[in-house]
Amino acid sequence: MLEIKVKTFEELTKQELYNALQLRSEVFVVEQDCVYQDIDGKDQKSIHILGFKNNKLIAYTRIFEPGDYFREASIGRVVVVKNERQFKYGYDIMEASILAIKKHYNQTLIKISAQCYLKQFYTNLGFKAIGEEYLEDDIPHIAMLRK
């Protein structure tokens with residue numbers, strides 16, 4: 001089971017921020033071999049969901065209130081360190097993120113931009129694909145909604 005921490009940008013310690021950015025870079029830039037600007041100026045307006053195992057950050061998302069990313073509330077930068085994925089921590093961090101959106105923004109409608117190969121994962125969490133697939137940073141994505 002993950003220990004979940006929910007923090008605004010200002011509440012993050014320098015070490016937590018460093019670890020989150022390192023994890024995001026490790027997966028989204030190196031593992032997925034995708035050159036893109038991860039540090040996008042949106043971390044300051046999001047709430048960060050951090051998942052720890054044995055005091056080590058192994059899972060992460062960031063959430064947005066309606067209007068800050070999409071018209072709807074949103075979850076992004078969903079990541080679990082590679083050697084921990086078999087334990088299904090992606091579900092834990094996503095469920096914590098959905099709860100945080102309810103608690104902090106009083107919203108249940110959530111829109112995400114999902115990598116297509118994870119469509120079934122998000123479907124299992126109650127999301128439904130909308131529209132056509134599209135490329136984002138040369139990776140196939142699809143918009144998904146959860147009501």
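Reading a predicted model

Q: What makes the Thr-61 and Ser-97 pair a polar contact?
A: In this predicted model, the side chain of Thr-61 lies 2.6 Å from the side chain of Ser-97.

Q: Why is Thr-61 called buried?
A: Its relative accessible area is 0%. Buried means under 20%, so Thr-61 is buried. Thr-61 sits in strand E3, residues 56–64.

Q: Which residues does Thr-61 touch, leaving out those up to four places away in sequence?
A: Among them are Ile-47, Ile-75, Val-78, Ile-93 and Ser-97. Contact means heavy atoms within 4.5 Å.

Q: Why is Lys-14 called exposed?
A: Lys-14 has 77% relative accessibility. Exposed means over 50%, so Lys-14 counts as exposed. Lys-14 belongs to helix H1, residues 14–31.

Q: How many disulfides are counted?
A: The count is 0.

Q: Are Cys-34 and Cys-116 buried or exposed?
A: Cys-34 has a relative accessible area of 7%. For Cys-116 the value is 17%. Both values are under 20%, so both residues are called buried.

Q: How do you know that the span of helix H2 is close to the expected one?
A: H2 covers residues 89–105, which is 17 residues. From its first C-alpha to its last, H2 reaches 24 Å. At 1.5 Å a residue, 24 Å is expected. Buried residues in H2 include Ile-93, Ser-97 and Ala-100. Just after H2, Asn-106 takes a positive phi of about 55 degrees.

Q: What makes strands E6 and E7 a pair?
A: E6 (residues 128–136) and E7 share 6 bridges, in the antiparallel sense. Pairing needs at least two bridges, so they count as paired. Tyr-134 stands opposite His-141 in E7. The hairpin of E6 and E7 has 2 residues between the strands, and Asp-137 there takes a positive phi near 55 degrees.

Q: What is the bridge partner of Ile-110 in E7?
A: The partner is Arg-146. Strand E5, residues 110–115, also pairs with E7 in the antiparallel sense, over 6 bridges.

Technical notes:
Residues numbered from 1 in each chain as written. Predicted model: local features only at pLDDT ≥ 70, side-chain atom pairs only at ≥ 80, totals over all residues. Heavy atoms only, no water. Helix = DSSP H or I, 4+ residues; strand = E, 2+ residues; numbered from the N terminus. Buried < 20%, exposed > 50% of the residue type's maximum accessible area, 1.4 Å probe, protein only. Polar contact = N/O pair within 3.5 Å; in protein donor to acceptor, adjacent residues only side chain to side chain. Disulfide = S-S within 2.5 Å. Expected span 1.5 Å × (residues − 1).
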